[in-house]
Amino acid sequence: MQQKKQNEGKQKVCPVSSKCGGCRWIHKSYQEQLEAKSIFFRKLMEPYCRPEPMIAMEKPTHYRNKVHAVFGEDRRHNVISGIYEEKSHRIVPVDSCLIENQKADEIIVSIRGLLKSFKIRPYNEDTGFGLLRHVLVRVGHATGQIMVVLVLSSPVLPSKNNFVRALLKLHPEITTIVLNVNDRDTSMILGDRERTIYGKGYIEDRLCGKTFRISPGSFYQVNPVQTEKLYTKAMEYACLTGRERVVDAYCGTGTIGMIAADHAGEVIGVELNRDAVRDAVKGARQNGIRNISFYRNDAGDFLLEMAEQGEGLDVLLMDPPRSGSSEVFLNAAARIAPKRIVYISCNPETLVRDLRLLTKKNYRAAKAVAVDMFPFTDSVEAVVQLLR
Ligand code: SAH
């Protein structure tokens, strides 16, 4: 009985978990994972404030809406698809995964099955021969739209139309197929040339009542169920009344800014990635949001420019990548001195580094919460409210 209780919520051990490095916490029950993350986050935030209870996921499996498979051959020249073994370029075959969207996994297996009859060889990194390097599948959780990106080593997919037809016959739920050409010797998945061979070339998803457009290369949170909770918390911490001037820094496709726009006077989004900015501009138009504008720029340079121009700002929303923000950005933020800063972070280490700086510059962390965006991994996502 005791044993049974202890095993509740534990997953059957995945055959490749030791090589993949994705689900590091596959051996822990979900309850144990939550406790470990809560304790870790509470300790980390100790110098600043006591966090609210962690926001957990109701069904913590198959949450990833973006699935990537690398293609290659085994020793007997059978086509395989899966993931790179941790810290290497050996391919570990994967057909299904505990945290990935199941439909996306099925599509990848189907593509692998089609290759032979279309005489498409997977790319070989050592010889440089072969065509198909990667497949990326992105799924719109609320819309059901599905994008398949075939990453090729050269621009021509033989019998392209027949291939599309065959794939759609197996998976009529696919709404768009994009060819991406990556002919460089690189560990990046996507190259910079792209051609849509079926559908619109992007998918849409809905979060917090807004529709977002997602291109192959745009950042979009991978766990949509938890993202909605994360953004709701960020809005709560922003305390908007409808009049504020807001900056959404590191805005990606403009998700947070667009959700904030309904409750603010004016929103300004800033983001480095060109595709994401394009998606943001089109998304704002589609959602009929008029009080938002987007700039493609380094967030630090942009904020410094605002500080030098003496621009006013009421609330700063920031959601930097894992590497955190920059000193230029944080110093400029302190100079502009918004009443509130809402810091969304996917890396607690850089979060506390940046909090150390901000709390030396007239800000104090008033509220914080961790949101479990990545069950079965040790990653912790957090939102912190800083007041001037
Ligand atoms: N807020 C968005 C995206 C967060 S991810 C969302 O919730 O979906 C972090 C984003 O920061 C990415 O889109 C990345 O392209 C962008 N980024 C990284 N470095 C940047 C920089 N120096 N200046 C502006 N944006 C940057």
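At what angle do the axes of helix H4 and helix H5 cross?

Reply: Happy to! Please keep in mind that this is a predicted model. Helix H4 spans residues 102-115 and helix H5 spans residues 160-170; their axes cross at roughly 140° and come within 10 Å. Angles over 145 degrees would count as roughly antiparallel, so at roughly 140° H4 is oblique to H5. As for handedness, H4 passes H5 in a right-handed crossing. On the H4 side, the contact is made by Ser110, Ile111, Leu114 and Leu115, and these meet Phe163, Ala166, Leu167 and Leu170 of H5. By class, the residues of this contact of H4 with H5 are seven nonpolar and one polar, with no charged residue.

Helix H3 (residues 30-45) and helix H11 (residues 348-359) have axes that come within 11 Å and cross at roughly 20°. Because angles under 35 degrees count as roughly parallel, H3 and H11 are roughly parallel to each other. H3 also passes H11 in a right-handed crossing. Here Phe40, Phe41, Leu44 and Met45 of H3 touch Pro348, Glu349, Leu351, Val352 and Leu355 of H11. Eight residues in the contact of H3 with H11 are nonpolar, none is polar and one is charged.

Key:
Residues numbered from 1 in each chain as written. Predicted model: local features only at pLDDT ≥ 70, side-chain atom pairs only at ≥ 80, totals over all residues. Heavy atoms only, no water. Axes fitted to C-alpha atoms, helices over the stretch in contact; angles between N-to-C directions. Helix = DSSP H or I, 4+ residues; strand = E, 2+ residues; numbered from the N terminus. Parallel < 35°, antiparallel > 145°, perpendicular 65-115°, else oblique. Left-handed = near helix turned anticlockwise from the far one by under 90°. Contact = heavy atoms within 4.5 Å. Nonpolar A, V, L, I, M, F, W, Y, C, P; charged D, E, K, R; others polar.
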